[in-house]
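Subject: Structure handover

Hi,

Here is the structure I promised to pass on. Please open it alongside this note, and I'll walk you through what turned up.

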Amino acid sequence: MATLPLNQDAKRIYLRLMGYARPYWPVFLLGVFGNALFATTDAGFVWFVRNFLKDAFARPDPKVLVWVPIGAVVLFFMRGVGDFLSTYCAASVGRRVIKTLRGQLFGHYLKLPTTFYDREAAANLLSKLTYNVELLAEASANSITVMIRDSLTVIALIGYLFFLNWRLAAISIILAPLIAWLIRKVNQLFRRYSQRIQNSMGDVTRIAKEGIEGHRLIKLFNAQAHEAQVFDRVNELNRRNNMKLILTRALSNPVVQLVASIGLAFVLYVMIGMVLRHRLPLEDFFAFLTALLLTTAPLRRVVNVAAPLQQGIAAGGSIFEILDCQTEELDAGRPLDHSRGDVEFRDVGYRYTAENGEVLSGISFHVRPGETIAIVGKSGSGKSTLVSLLARYYDVTEGQILLDGVDVRDYRLRDLRRQVSMVSQDVLLFNDTIRGNIAFSVPAAPPAAIEAAAAAAHVTEFTDDAPGGLEFLVGDRGSLVSGGQRQRISIARAVLKDAPILILDEATSALDTELERKIQQSLDELMRGRTTFVIAHRLTTIENADRILVLDAGQLIESGTHAELIAHNGHYAALHRLQFNV
Ligand code: ADP
């Protein structure tokens, strides 16, 4: 998790955030103009009051009867236009910044390497996309508007104070450095608590996601109370962090205003002394006092806006941190149209993390185009890791993998991945039609090709009776279709993709024999003419494979045909006896 950004970093984050607003600078400037208009009207009111007092009391002038009411409307009109422009333009820029950032962040998620997803909880990434990005809207639009508007108001008012009486004005801002220091300290606290709130929001999302996705498991284990308790803990932490922020926020203004009032008291002392000695005219006294009192409201707003601004900076920090992570380069390297399917592992080693040690080591074998390789071994022996190296979900940490005689790392990643299809036991379906799910592998596929793939994978057998046929909606993560149907949809995907290399992670789940026979039939058709790696559990698959690789604790300990390995009477023979009771 990110650490608290220092002031220096905060500035950098803010500048980077404002960089996103740069393309919309005309709208932004219009917003700033609105702010300026709004700000000057406050100073305008003081000017207005002073002249009103002068013309109505000091040297009565009948014109005052006309220009004061008209002036009031004009001033309010200007104020209204300024208010509208500042609110609308800033929000318009803010929402565009959010859209860009959200799009960029999601685009980045799609290209981050698998190792990144191994480290980060999916729910935290979701929380960043929804909650954290939304906080940026507040910081890059509303808060900055208020900040500019009210800072300008304060500056305009102080400018007017100097114009009226520079000596008094100088006295009145004597405590300004102390106020600035206070605001700075408070900002640091805001940033610290915001970061904690965002982290705990990630936890809230994570636990909620687990609870929602695991609803069946929770029901079966009667674990509702336990889950509620776990949720309550993060929920409470979130509340407590929010309250710390709110406490700081609630205290910050009274403290700042108290300091300001001490300054005010000092000025009043000097001013009243001057009035008593007839050194300050009444209208100037009132004008000065009005302008001085008018600064308190915008000052209060500037202090108030610090919290959302700092929340935005903390959110920006966490988002930029992800945007700075290295993504996979999909388009660089050697193009590859259609591989022959010749795969060679040369002394391949892999470790997920330095601490965990080697998960695979010294793996060497050569697979000729069209061969079927069965990979067997105890759970945790490295079978899944081995096949995931082929599509470069992970890159070897030692040795190399060659496809058609070329290191897989030399190919364009996009092209390399086009050469590989995967059918595994847990099939991920999107909340779309069956047709859409099949066409996922080749979005531009003509309908006839999709239907042919559906037929080849025996999908049509169940869609012919289903309402809507191939247009049947599979529901969230395919919850409306059965395990066997899901698997057939995934086979149809692979048929449509027509890649020269096929990876099968065989289902161990007990499908009924009739269904198993059908799925096997579809798979046999799919495997024809392709180099196939099967993480094999079924005896028939193993026996029919051209070669069997036996893994144990990340080492390739035996390899050969079923007959050869049985004759060898080693590890495989023992595993075979154990698994199939022969
Ligand atoms: P198999 O498929 O034979 O069951 P795996 O390839 O899944 O074995 O796992 C091999 C080893 O690598 C295991 O010790 C497992 O704990 C570890 N492992 C698997 N996936 C990861 C991962 N994403 N990060 C860290 N370690 C992993």
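**The second largest pocket**

By class, 23 nonpolar, ten polar and four charged residues line the second largest pocket. In that count, Ala, Val, Leu, Ile, Met, Phe, Trp, Tyr, Cys and Pro are nonpolar, Asp, Glu, Lys and Arg are charged, and the others, Gly among them, are polar.

Before going further, a word on the basis: this is a predicted model, where local features need pLDDT of at least 70 and side-chain atom pairs count only at pLDDT 80 or more, while totals for chains, interfaces and linings use all residues. Residues are numbered from 1 along each chain as its sequence is written, and side-chain values use heavy atoms, with hydrogens and water left out.

The volume of this pocket is about 1,000 Å³. (A pocket is an open set of points on a 1 Å grid over the protein atoms alone where a 1.4 Å probe fits, with protein on both sides within 12 Å along at least five of seven lines; lining residues have an atom within 4 Å of a point. The volume is the space filled by probe spheres set on the points, which are joined across faces, edges and corners.) Of its 37 lining residues, Ile179, Ala180, Ile183, Leu299 and Val302 lie nearest the centre. Two or more lining residues come from each of α1 (7-21), α5 (122-164), α7 (176-213), α9 (224-276), α10 (282-294) and α11 (296-323). The biggest share is from α5, with eight residues. (Helices, H or I of at least four residues, and strands, E of at least two, are DSSP runs numbered from the N terminus.)

**Around the ligand**

Which helix gives the most to the shell around the ligand? That is α12 (residues 383-388), with three residues. The shell (residues with a heavy atom within 4 Å) includes Asp118, Val359, Lys378 and Tyr394, and by class it has three nonpolar, six polar and three charged residues.

An N or O atom of Thr385 is 2.4 Å from a ligand oxygen, one of Ser384 is 2.6 Å from a ligand oxygen, and one of Tyr352 is 3.4 Å from a ligand nitrogen. Alone, the ligand exposes 550 Å², and the protein buries 62% of that (Shrake-Rupley method, 1.4 Å probe).

**The sheet**

Four strands make an open antiparallel sheet, ordered β2-β1-β4-β5, with β2 (360-367) and β5 (406-407) at the edges. (Strands pair if DSSP finds at least two bridges between them.) Five bridges join β1 (residues 343-350) to β4 (residues 398-403); Glu344 partners Leu402, and Arg346 stands opposite Gln400. β4 and β5 form a hairpin with two residues between them, where Asp404 in the turn has a positive phi of about 55°.

Happy browsing!

Technical notes: Polar contact = N/O pair within 3.5 Å; in protein donor to acceptor, adjacent residues only side chain to side chain.
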